[in-house]
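Here are a few notes from my pass through the helix packing. Have the model open while you read.

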Amino acid sequence: MTVLTTRSSRAVRVPGGCDRFEVDRAPIQSAFPAASSQSGGGAPPLSRLPVQAARGGKKAPGDGAGSGTAVITRTRTQTQRPSMYRVLLLNDDYTPMEFVVGVLCTFFHKTLEDAERIMWQVHTNGVGECGVYTYEVADTKVTQVMDHARKHQHPLQCVMEKK
């Protein structure tokens with residue numbers, strides 16, 4: 001058996017087994033003489049004190065004397081997925097189709113084919129979905145499209161709705 005010592009603990013190597021650490025209780029017991037007294041008048045020795053910190057010092061109904069066990073629970077927080085919003089373009093009789101395709105390519109990063117398909121949905125159905133985003137992103141895109149349309153004097157309407 002090999003014994004390695006440090007200042008406050010000692011490692012004992014058991015042949016064919018794992019290292020086992022033993023804490024030197026002398027500094028603790030000298031700091032708390034009432035806890036270290038072996039006579040019947042003081043508190044029990046430190047090695048025999050039950051663990052009750054998780055219960056605020058109270059024993060559970062099923063605990064026997066000196067069971068030395070405690071249940072520690074951890075609460076896990078689950079993050080909730082953010083609400084998603086659809087960004088929609090609304091049809092009007094004055095905005096040119098090329099402008100709508102340009103808006104879809106510029107602000108929504110659509111390919112030319114996807115932009116033309118969405119533009120035809122807006123033209124025939126009266127509404128077309130540009131994308132689905134979180135609230136902040138959807139609000140920013142609606143504001144950008146509306147500002148761009150007003151800057152170029154087009155009455156294009158862009159709205160968002162909760163999915």
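1. α3 passes α5 in a right-handed crossing (near helix turned clockwise from the far one by less than a right angle). This is a predicted model, where local features need pLDDT of at least 70, side-chain atom pairs pLDDT 80 or more, while totals for chains, interfaces and linings use all residues. Numbering runs from 1 along each chain as its sequence is written, and side-chain values use heavy atoms, without hydrogens and water.

2. The α3 and α5 axes come within 11 Å and cross at roughly 140 degrees.

3. Who meets whom here? F99, V103, F107 and F108 of α3 meet K141, Q144, V145, H148 and A149 of α5 (contact is heavy atoms within 4.5 Å).

4. Now the other partner: α3 (residues 97–108) and α4 (residues 112–125) have axes that come within 9 Å and cross at roughly 130 degrees. α3 passes α4 in a right-handed crossing too. On the α3 side, M97, V100, V101, L104 and C105 make the contact, with L112, A115, E116, I118, M119, W120 and H123 on the α4 side.

5. Have a look at V145: leaving out residues up to four places away in sequence, V145 touches L89, V103, F107, F108, L156 and C158.

Definitions and conventions: Axes are lines fitted to C-alpha atoms, for helices over the stretch in contact, and angles run from 0 to 180 degrees between N-to-C directions. Helices (H or I, at least four residues) and strands (E, at least two) are DSSP runs, numbered from the N terminus.
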